[in-house]
Amino acid sequence: MTAQRLVRQFCTARDTADRLAERAPIEFVPASEPGGPAVFIDTQVKFQAFLGFGGAFTEAGATTLDRMPASLRQEILAAYFSPQQGHGYTVCRTPINSCDFSLGNYAYAEVEDDVELKHFSIDRDRRTLIPMIRDAIELAGGQLSLFASPWSPPAWMKTNRRMNGGGRLKPEYRQAWADYYVRYVREYGKAGIPIWGVTVQNEPEASQTWDSCLYTGEEERDFVRDYLGPALHRVGLADVRLIIWDHNRDRMVERAKIVLDDPDAARYVWGIGFHWYCGDHFDNVQLTHDAYPDKHLIFTEGCQEGWPHLGAWEPGERYARSIIQDLNRWTAAWVDWNLVLDENGGPNHVNNFCSAPIIADTQAGAVRYQSSYYYIGHFSRFIRPGARRVVCASTSDALESTAFLNADGTVAAVVLNRSSQAIDFDLKIPGLQAKTAIPARGIKTYLFDDRR
């Protein structure tokens with residue numbers, strides 16, 4: 001048995017004790033005649049380069065962390081950001097101004113008609129949010145690609161005069177709002193937190209009871225082309241990635257077309273962000289890539305809605321299925337929503353409680369890892385930044401799979417089984433195969449060296 005032919009395997013499965021558990025390795029042997037189910041991998045055919053996995057820093061998460069004992073606070077952050085002990089997150093998101101997972105509405109410029117932003121201040125973020133981000137950056141080894149998304153401009157810039165309930169950006173404040181992003185990027189930079197990218201607007205077609213703002217596709221296009229893109233370039237921030245849409249997969253093709261068919265707008269756009277809250281629509285991710293292959297795709301938000309779902313298995317499977325389907329359609333980064341929430345799925349200033357992969361039980365002083373945490377880990381711990389997606393084809397509808405070739409020459413293949421039956425199958429590469437099995441309601445990561 002040679003080292004090159006060994007395959008390490010890691011397993012998580014319902015109704016077992018397996019949670020990212022390493023099992024005995026299997027061995028590649030010369031391939032025989034085709035038999036039962038198989039997953040075939042070919043590293044000679046390569047697709048997109050991958051940027052990384054991550055989650056979102058919110059005031060809710062930061063406040064919840066600060067309510068935990070210091071040792072548990074550190075445990076939670078390490079569980080996400082340590083490459084050695086945790087998931088090794090490298091791409092994350094944070095709000096510009098308040099969002100539903102803030103303790104209340106707030107903006108960085110609250111003074112009416114302050115178009116010169118003389119009163120702009122990120123002091124509120126310095127209380128809990130910025131310390132959380134700094135600690136995460138340190139655990140990540142000093143490197144973290146952080147992008148920021150606004151849920152709403154300040155109330156005085158909007159047609160409805162409120163941060164909640166939709167409304168629109170008033171035309172006369174478009175330049176001030178574009179300058180606001182610039183100021184945000186600079187102030188966070190001064191605080192030691194580089195901003196890697198910005199999205200134009202979180203969920204621009206949703207008028208929510210919480211912080212929200214509506215844009216038509218044409219309004220987003222014009223704002224990018226005439227205000228936000230030029231504002232960033234004018235002050236030397238052209239390297240800040242500009243991401244459009246930042247809403248569900250269902251309408252991403254149409255919205256991408258409206259913006260990107262205008263070359264003067266498209267030249268400022270790095271990529272298209274999307275969420276999962278309106279059906280699967282995975283084919284729309286592929287269609288968007290096919291239509292605009294020079295633009296990047298990034299999953300910018302997803303969570304299990306409606307309370308914390310403590311102990312539920314389905315959220316983990318939802319995450320894994322979405323990750324596999326999105327990655328197989330050219331997605332270059334996949335970012336979860338709140339990193340951590342309390343035992344109620346909050347705090348949340350409009351009672352929009354949700355789940356998170358880690359629930360910090362502030363009453364019991366306990367860290368509760370959810371199924372989604374383990375399922376995400378099957379990808380994030382083994383598919384590292386710079387990896388290239390490679391051919392990964394399953395012969396069984398019950399085996400959902402993806403595979404990546406890492407920069408160090410290792411191949412990470414993830415196979416998901418959402419069925420109620422264990423499945424025996426062959427893991428195959430050209431000329432070789434390895435007998436393996438995956439438990440019912442389980443997920444496995446296979447790791448092997450591709451170098452010959």
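What percentage of the 452 residues in the protein is buried? Buried residues make up 60% of the chain's 452 residues, where buried means under 20% relative accessible area, exposed means over 50%, and partly exposed lies in between (1.4 Å probe, protein chains only). The model is predicted, so that local features need pLDDT of at least 70 and side-chain atom pairs count only at pLDDT 80 or more, while totals for chains, interfaces and linings use all residues. Residues are numbered from 1 along each chain as its sequence is written, and side-chain values use heavy atoms, with hydrogens and water left out.

The protein contains 11 helices and 21 strands; helices (H or I, at least four residues) and strands (E, at least two) are DSSP runs, numbered from the N terminus. The radius of gyration is 22 Å, which agrees with the value near 22 Å for a compact globule of 452 residues. This radius is taken over C-alpha atoms, and the globule rule is 2.2 Å times the number of residues to the power 0.38. Along the principal axes, the C-alpha atoms fill a box of roughly 75 × 55 × 35 Å. Of the contacts with a separation of 6 or more, 74% are between residues 24 or more positions apart, a contact being heavy atoms within 4.5 Å.

The 48 positive and 57 negative charges have mean positions 2 Å apart. Lys and Arg count as positive and Asp and Glu as negative, whereas His and the chain ends are not counted. Each charge is placed at NZ of Lys, CZ of Arg, CG of Asp or CD of Glu.

The largest nonpolar core has 118 residues, and Phe57, Phe81, Tyr180, Tyr188 and Ile383 touch the most other members. A nonpolar core is a set of buried Ala, Val, Leu, Ile, Met, Phe, Trp, Tyr and Cys residues joined through side-chain atoms within 4.5 Å. Helix α5 (residues 174-190) gives this core its largest share, 9 residues. A second, separate core of 22 residues includes Val7, Val390, Ala434 and Phe448. With residues up to four places away in sequence not counted, Ile383 touches Phe50, Phe53, Leu327, Phe404, Asn406, Ala412 and Val414.

Helix α1 (residues 59-66) is mostly covered, with 7 of its 8 residues buried. These are Glu59, Ala60, Gly61, Ala62, Thr63, Thr64 and Leu65. The cover over them includes α2 (70-81), α3 (123-127), α4 (129-139), β13 and β14.

The loop between β13 (340-342) and β14 (358-361) holds Pro347, and the peptide bond from Gly346 to Pro347 is cis, with omega near 0°. Asn351 is also found in the loop between β13 and β14. Although not a glycine, Asn351 has a positive phi of about 60°, and at 58% relative accessibility it counts as exposed. Asp246, likewise not a glycine, has a positive phi of about 60°. Asp246 is found in strand β9 (residues 241-248) and is buried, with a relative accessible area of 0%.

Gln421 lies in the loop between β18 (410-417) and β19 (423-429) and counts as exposed at 55% relative accessibility. From C-alpha to C-alpha, Gln421 and Gly442 are 9.6 Å apart in space, and they are 21 residues apart in sequence.
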